[in-house]
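Please look over the protein chain shown here before reading the briefing that comes after it. The notes begin with one residue and then move on to wider topics.

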Amino acid sequence: MEEYHDNSLRGKVFQRIREDILNGVYKEHEELREVTIGEELGVSRTPVREALRQLELEGLVSIIPNKGAYVTGITMKDVRDIYKIRSQLEGLCARWATQNITEEQIENLEEIILLSDFHLHKKGEGQTEQVSEMDGKFHKIMYEASQSRILEHLLKDFHKYVQMARTMSIEAPNRAEKSIEEHREILNAIKAKDADRAEMLANQHILNVMENLHLNES
């Protein structure tokens, strides 16, 4: 998954269209018109055209000669593949975090777990979103604790795809509670400096998430 890392206009347009595809702003099979997108973003057709070509390389867009560019999106097989690859990377992340994590990051992770429990058992609207937000923060700190810019970038990239997967699936009941407990076990392994166990638990954690999502074949 190549990504533009500079602040060029081309890079910004690429990121914007990519985010809109992954967030469902553009639906599968929808035509992406260069002129319309250019007007919306206040740019010419050239950076839009270049961004669409790059998105085609990622498999998110299909360009049909003399017809136009259309959203390909990601299939359920793509989602399952992403989870399997991510599980391996999350395991590596936990292993490196065990070696490099700071006391401040450990304290932040402990606080996130406590807040996750609090929001999970608090009645009222918006609690699901709060728990999901805490989950994202837990993984973000883990990525940073690995002290690998490359690994952090890859995992954040996969996380964006996974967010789209969640909108295309139904999560099993009680999964949130189990997920929080798995986070707690991963953190305990890291605090114990048990890199092997931390890697195994983090790997299995992502596979458990995948297994608890009802992903339709496509």
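In which loop is Gln147 found? Gln147 sits in the loop between helix 6 (127–145) and helix 7 (149–167), where helices (H or I, at least four residues) and strands (E, at least two) are DSSP runs, numbered from the N terminus. This is a predicted model, in which local features need pLDDT of at least 70 and side-chain atom pairs count only at pLDDT 80 or more, while totals for chains, interfaces and linings use all residues. Residues are numbered from 1 along each chain as its sequence is written, and side-chain values use heavy atoms, with hydrogens and water left out.

**The chain as a whole**

- The secondary structure of the protein chain comes to nine helices and three strands, and read along the sequence these follow the pattern α-β-α-α-β-β-α-α-α-α-α-α.
- Of the 218 residues in the protein chain, 45% are buried, a term that means under 20% relative accessible area, with exposed over 50% and partly exposed in between (1.4 Å probe, protein chains only).
- Among contacts in the protein chain with a separation of 6 or more, 73% come from residues 24 or more positions apart, and contact means heavy atoms within 4.5 Å.

**Two loop residues with positive phi**

- Gln147 is not a glycine, although its phi is positive at about 55°, and with 56% relative accessibility Gln147 counts as exposed.
- Lys193, in the loop between helix 8 (175–191) and helix 9 (195–211), also has a positive phi, near 60°, in a residue other than glycine.
- Lys193 is exposed, with a relative accessible area of 54%.

**Helix 8 and helix 9**

- The axes of helix 8 and helix 9 come within 8 Å and cross at roughly 165°; axes are lines fitted to C-alpha atoms, for helices over the stretch in contact, and angles run from 0 to 180 degrees between N-to-C directions.
- Helix 8 and helix 9 are therefore roughly antiparallel to each other, a label used for angles over 145 degrees, whereas those under 35 count as roughly parallel, 65 to 115 as roughly perpendicular and the rest as oblique.
- Residues of helix 8, including Ser179, His183 and Ile186, meet residues of helix 9, including Leu201, His205 and Val209.

**The largest nonpolar core**

- The largest nonpolar core has 55 residues, of which Ile17, Ile21, Leu32, Leu55, Tyr83 and Met142 touch the most other members; such a core is a set of buried Ala, Val, Leu, Ile, Met, Phe, Trp, Tyr and Cys residues joined through side-chain atoms within 4.5 Å.
- Helix 4 (residues 76–100) gives the most to this core, with eight residues.
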